[in-house]
Amino acid sequence: MTSTVLERGLSSAEVAERIAAGQVNTLPPRSGRTTWDIVKANVFTRINFLLMVLFVMVISTGALFNALFGCLIIFNSIVGMLQELKAKKTLDNLAVISEGKPTVRRDGESVQIQREEIVLGDLIEIGPGDQIVVDGDVVEASYLEVDESLLTGESDAINKEVGSHLMSGSHVIAGVGAFRATKVGPDSYAAQITAEANKFSLTKSELQGGINFILKLITWLMVPVAIVTVWGQWNIGGEEDATWQSIVLRISGALVPMVPEGLVLLTSLAFAAGVVRLSRQSVLIQELPAIEGLARVDVVCADKTGTLTENGMKFAELQLFADELDEPAIGRVLAQLAASDPRPNASMQAIADEFSLGDAEPWQITALAPFTSAKKWSGASFDGHGSWVLGAADILVPGSGAATEAEGIGAEGRRVLLLGQTAAQVDAVDAPGAVTPVALVILDQRVRPEARDTLAYFEDQGVQVKVISGDNAKSVGAVIAKLGITEQEVVDARILPEDEGLFADEVEENNVFGRVTPQQKRQMVAALQSKGHAVAMTGDGVNDVLAIKDSDLGVAMGSGASATRAVAQVVLMNDDFSTLPSVVAEGRRVIGNIERVANFFLTKTLYSIVLALLLAVRNLPLPFLPDWQLAFPFMPIHISMVGWFTIGIPACILAMAPNKERARHGFLGRVMRFGIPSGLIISATVFAAYLMVMPNNATEAQSYQASTAALLTLLMGGAWVMVTTSRPYQWWKIGMILFCFALIIVFYLLPIDPALGYGQACQLTEVGIGTFLSHAGQCFFWLDPTNPAMMTTGLIWGGIAIIGVELTWWIDGILSGKRRRVFALSGEE
C-alpha cells in the first residue's frame with residue numbers, strides 16, 4: 001500500500017517544546033557495567049584489605065625485602081580490571097558502530113540527527129537497512145517490509161501498511177516509508193527490555209564462591225589468632241635485645257602466610273590467559289569467571305535463528321514442470337530475474353548466489369514488479385524473452401497440482417517458490433494473469449556448517465542442547481533434521497501447559513521447540529534451573545535479553561542487538577557457534593588446574609594458622625609449660641621463600657597446563673579433604689622441629705639457625721604437597737619439581753659469614769652487590785644452616801612430614817573414589 005500525502009513533520013517550535021517537557025529519546029548506557037563498577041569490584045576486595053594492613057606493618061619497620069608480598073595487591077587488582085575494562089570498551093565500540101543516524105522530517109525538510117535527539121511525535125523516514133530506533137505508527141508506506149526477528153524470533157519479513165505499529169529493535173528490509181514516534185526513551189519496547197536487564201549479572205562461579213568462603217573463614221580465624229600472636233610475640237622475653245621492628249616482622253611473618261594471596265592472583269591469571277586464548281578465536285569474555293561458567297553448565301539453550309542457522313536462505317533443488325525447458329535453461333531465467341532485482345530479499349539472494357549471469361548479457365527489462373509480502377510474488381518482463389514471475393504457488397496457480405506439490409514440500413519446513421511464465425506485462429493492473437508453471441524452486445534455511453559438529457560435541461560431553469525458536473515448528477524441524485537430530489519431536493510452544501510444574505516437566509523432557517515467545521524463553525530458563533540444571537542461553541536478539549540475563553551463563557552473537565551483548569558474559573564476535581566447545585575446553589582447563597593449585601594455598605594457610613596457635617598456646621603462662629617463651633620462627637622473607645619455591649613457581653606452571661578433565665561440583669570439599677590434613681601434618685612437624693632446636697636464651701646466631709632448621713622442615717613438607725599435587729607426572733612436571741628443589745638446595749648451600757650479621761645488618765646497601773649475591777641465602781633470605789645438629793633435626797622432621805603428606809594423598813584418592821596414578825600414560829593428564 002502506498003500513501004500519497006506527505007507530512008511536514010514537527011516544527012522547530014514543537015521540537016523545542018518537547019525537549020523542554022523531557023519528551024526525548026533518553027537511552028540507557030551502552031554496556032551493562034560502568035568503569036567505576038569494574039574498578040571497585042577488583043580493587044576493594046577482602047584479600048587486598050588484609051594484604052594492605054600487613055604491608056603497612058612491614059613497611060613501617062624499614063625491611064623493604066620483607067614487604068615484597070605487597071606487590072600482590074597491585075597484581076590482584078589489575079589483572080581482572082584491565083581485562084574487564086577492555087571487554088567494556090569493545091562492547092561500547094560495537095554499540096557505536098551498530099547505531100545508525102535516523103532521518104527525521106522537520107519543517108518539511110529531511111535531516112539526520114543522533115538517535116538521542118528524537119522527540120515524541122517526530123516523523124522518522126525509513127528505507128532498506130534502517131533501524132527502527134523508537135516505537136511508532138506508520139504514516140507513509142511504499143512496499144514497506146520490516147524484519148522483527150530480533151524482537152520475536154520470527155525470521156519472515158512483516159508487511160507494514162499505513163497505521164501499522166513499528167517496534168524499536170526491528171529494521172527495514174524492503175520499501176520506504178515514514179512513521180511517527182509514539183514512544184521514546186525508556187517507554188520504547190527495546191528500552192523497556194534493556195532497562196529490565198540493564199543490571200549486569202555476575203557469573204555464578206563455584207571456584208570464586210569456594211575461594212571467597214575460604215577468605216571469609218580465614219578473616220574470622222585471623223582475628224583471634226592475630227590477637228594471641230601479637231600478645232605472645234610482644235611479651236617474649238627470650239631475646240633481650242628484641243626491637244619493636246623485629247617483633248612486628250615476626251608478627252607479620254605469622255600472619256602473612258595465613259592469607260592465600262597467590263590463589264586469588266593465580267585464579268585471575270588463569271582466567272585471563274583463557275580470555276587471551278579465546279580472543280584469538282573471536283570470543284569476547286566480559287568478566288573472567290565466565291570461562292568457568294560454560295564448563296559447568298549441563299544444558300545449552302540455543303536460539304535457532306542466528307545460532308544454528310545463518311542469515312538468509314540457500315538454494316536446494318529444482319522440480320521441473322515444462323518439458324520444453326531443461327534445468328540449464330531455467331537456471332538462465334532465474335539468473336536474469338535475480339539480476340533484475342535492485343534490492344533482492346533473502347530468497348532472491350539465494351537464487352542469485354546459485355545462478356549467476358556470468359558472461360551472459362542482461363536481458364532488456366520492459367517491466368518490473370518487486371516482491372511484497374502483500375502480493376507474495378515478484379517478476380520481470382524482458383524484451384524478446386517474455387514475462388516471468390516468481391512467488392507463492394498458492395497465489396500464482398491456486399488449486400493446481402503445482403500448488404499442491406509446493407504445499408507438501410513446504411510442510412517439511414522448506415521454502416518453495418513457483419517459477420512461472422505469463423503473457424501479461426508484470427506491471428499491468430491485472431498482473432500476473434494466467435500463469436504457466438515452469439518449475440518449483442526449493443530453498444532451505446542456511447544451516448551453519450559447524451553446527452552439526454558442535455551439537456555432536458555437546459552430546460558427547462553429556463550436555464543437553466535445547467533448540468528454541470520463534471519460527472514455526474515445521475521449519476525448526478527441518479533445520480534440526482539437517483543437523484542429524486532426527487529422533488527429536490518438535491514441540492509447538494503455544495500448546496505448552498500454563499502450570500509451572502507441568503511446564504518444567506515438558507521443557508526438561510523435550511529438546512526442540514517452535515513458536516516460542518520471548519517470555520516463554522525466560523520461563524524455560526527458570527524451569528530448567530528449578531530442575532537443578534545449570535543453564536547457558538545463546539541468542540542475538542532483543543527477544544533473548546531477559547532469558548540470557550536469567551541464565552547461569554549468557555552467550556550473545558556479536559552481530560546481535562547491543563542490549564543482548566550488554567547482558568551476556570560471553571560474546572561470539574564472529575557469530576560462530578562452533579567456538580563454544582573451545583570455551584568449554586578452556587573452562588575445564590582453568591577449573592581443573594585451579595583446583596590443583598588451590599591445594600597448595602589452603603595447605604599453607606592452614607599450617608600457618610595452626611603453627612601460630614601452637615606457639616601461642618606454648619607461650620601461655622601455665623605451670624606445666626617452660627617459663628621461657630618462643631618467638632615465631634619465621635620472618636616474612638622466609639614465608640616468601642616457601643611461597644616462591646613450593647607454591648608460586650609450580651602453581652603458575654600448573655595453572656596454565658592442559659587439562660581435559662570434566663568439571664565436577666564439590667570444589668571446596670575436595671580441596672579441604674587434602675589441604676586440611678596436609679596442613680595439620682606440616683604445622684605439627686614444623687612445631688616439633690622448632691621446639692627441639694630452639695634453645696632457651698638463644699643468641700642471635702642460634703635464633704637464625706633454629707629458624708633455618710624449622711624452615712627446612714616446612715620446605716620439605718610444602719615441597720611434597722607440590723610433588724603429590726603434580727601427579728600424574730609428565731616430563732615437564734618432573735623438570736619443574738627438580739628446578740624448585742635445586743633452587744632450595746642452592747640457597748641453603750651458599751656460604752655463610754657470621755661477620756656480615758643477619759637481617760638488616762646484611763642489606764645490599766651495607767655489604768655491596770657482590771657480597772650480597774654470593775651470600776644471598778644469608779643476606780636475602782636470612783638463613784644460617786651452619787648448625788649440623790639443628791639441620792639434622794629439621795631434616796628428620798621434614799621426612800616425617802613427607803610421609804604424612806604422601807599418605808594423605810593416597811587416602812584422599814581412596815575416599816574420593818579416584819584412581820591414583822603417579823605417571824601419566826601417553827601424555828594423558
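I began with Glu-116, which is partly exposed at a relative accessible area of 33%. For burial I used these cut-offs: buried is under 20% relative accessible area, exposed is over 50%, and partly exposed lies in between (1.4 Å probe, protein chains only).

I noted the ground rules next. The model is predicted, so local features need pLDDT of at least 70 and side-chain atom pairs count only at pLDDT 80 or more, while totals for chains, interfaces and linings use all residues. Residues are numbered from 1 along each chain as its sequence is written, and side-chain values use heavy atoms, with hydrogens and water left out.

I then looked up salt bridges (a side-chain nitrogen of Lys or Arg within 4 Å of a carboxyl oxygen of Asp or Glu). The search of the whole structure gave 12.

Glu-116 pairs with Arg-115 in one of them, with the closest N and O atoms 4.0 Å apart.

I moved to Arg-494. Its salt-bridge partner is Asp-492, and the closest N and O atoms are 2.7 Å apart. Arg-494 is exposed at 61% relative accessibility. Asp-492 is buried at 18%.

I checked Arg-670 next. Arg-670 forms a salt bridge with Glu-595, with 2.6 Å between the closest N and O atoms. Arg-670 sits in helix H23 (residues 667–693) and Glu-595 in helix H21 (residues 580–618), so the pair ties together parts 75 residues apart in sequence. Helices here are DSSP runs (H or I, at least four residues), numbered from the N terminus. Arg-670 is buried at 13% relative accessibility. Glu-595 is buried too, at 14%.

Last, I found a network: salt bridges link Arg-105, Glu-125 and Glu-140.

Technical notes. Helix = DSSP H or I, 4+ residues; strand = E, 2+ residues; numbered from the N terminus.
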